[in-house]
Amino acid sequence: MINLKIEGLDTLKASFNQGVDNIQEEVKSAMVQSTNMVKIKARDLAPYKTGALQKSIFSKIEDRGFTGIVAQDLSVAWYGYYQEYGTRYMKGTPHMRPAFEQNVAAIEALFEKAVDNVLDKIANS
């Protein structure tokens with residue numbers, strides 16, 4: 001007969017429970033940073049005439065930090081969609097999509113760092 005005794009299981013469980021709490025903090029932080037990066041880049045890339053289009057670009061966080069949104073408030077600049085995609089009479093000046101595409105690597109790095117931070121906290125518990 002083989003006897004197996006696992007010591008420290010309670011400590012391990014407590015560390016994992018603490019890790020779950022830390023995940024939300026770290027993900028929310030990464031989400032806020034990434035949505036702000038995209039918002040700032042979109043404002044930089046948006047065509048400028050009156051400044052309304054730049055002012056219409058906003059970011060918000062939902063789902064307790066697990067969803068980040070960067071969008072245009074069409075009540076501020078109703079023409080934002082046409083500036084992004086164009087019409088049959090004019091070529092668009094994309095600014096929302098390129099703002100995201102140009103930040104993909106930085107966003108991935110933020111979330112990788114968030115995961116690393118959580119794992120480090122668990123390991124050091």
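These legends walk through several close-up views of the predicted model shown above.

The model is predicted, so local features need pLDDT of at least 70 and side-chain atom pairs count only at pLDDT 80 or more, while totals for chains, interfaces and linings use all residues. Residues are numbered from 1 along each chain as its sequence is written, and side-chain values use heavy atoms, with hydrogens and water left out.

**View 1. The whole chain, from end to end.** The chain holds five helices and two strands, in the order α-α-β-β-α-α-α along the sequence. Helices (H or I, at least four residues) and strands (E, at least two) are DSSP runs, numbered from the N terminus. Of the 125 residues, 30% are buried; buried means under 20% relative accessible area, exposed means over 50%, and partly exposed lies in between (1.4 Å probe, protein chains only).

View 2. Look for Ile61, which stands opposite Gly68 in β2. Four residues lie between the two strands of the hairpin.

**View 3. The largest nonpolar core.** Nine residues make up this core: Val38, Ala42, Ala46, Leu53, Ile57, Ala77, Met96, Ala99 and Ile107. Helices α1 (9–45) and α4 are the elements that give two or more residues to it. A nonpolar core is a set of buried Ala, Val, Leu, Ile, Met, Phe, Trp, Tyr and Cys residues joined through side-chain atoms within 4.5 Å. Zoom in on Ala42, which touches Ile57, His95, Met96 and Ala99, leaving aside residues up to four places away in sequence; contact means heavy atoms within 4.5 Å.

**View 4. The salt bridges.** The whole structure has three salt bridges, each a side-chain nitrogen of Lys or Arg within 4 Å of a carboxyl oxygen of Asp or Glu. Lys121 pairs with Glu26, with the closest N and O atoms 3.3 Å apart. This pair links distant parts of the chain, Lys121 in helix α5 and Glu26 in helix α1, 95 residues apart. Glu26 is buried at 14% relative accessible area, whereas Lys121 is partly exposed at 33%. Glu84 and Arg97 also form a salt bridge, at 2.9 Å between the closest N and O atoms. Glu84 is buried, at 4% relative accessibility, and Arg97 is partly exposed, at 37%. The side chains of Lys60 and Glu62 make a salt bridge too, at 3.2 Å from N to O.

View 5. Trp78, Tyr81, Tyr82, Tyr85, Tyr89 and Met90 make a nonpolar surface patch of about 790 Å². Patches are made of residues with over 30% relative accessible area and no salt bridge; like charges are joined within 9 Å, and nonpolar side chains (Val, Leu, Ile, Met, Phe, Trp, Tyr) within 5 Å. Tyr89 lies in the loop between α3 (80–85) and α4 (96–101) and is exposed, with a relative accessible area of 69%.

Definitions and conventions. Areas by Shrake-Rupley, 256 points an atom, 1.4 Å probe, with all protein chains shown as cover. Pairing = 2+ DSSP bridges.
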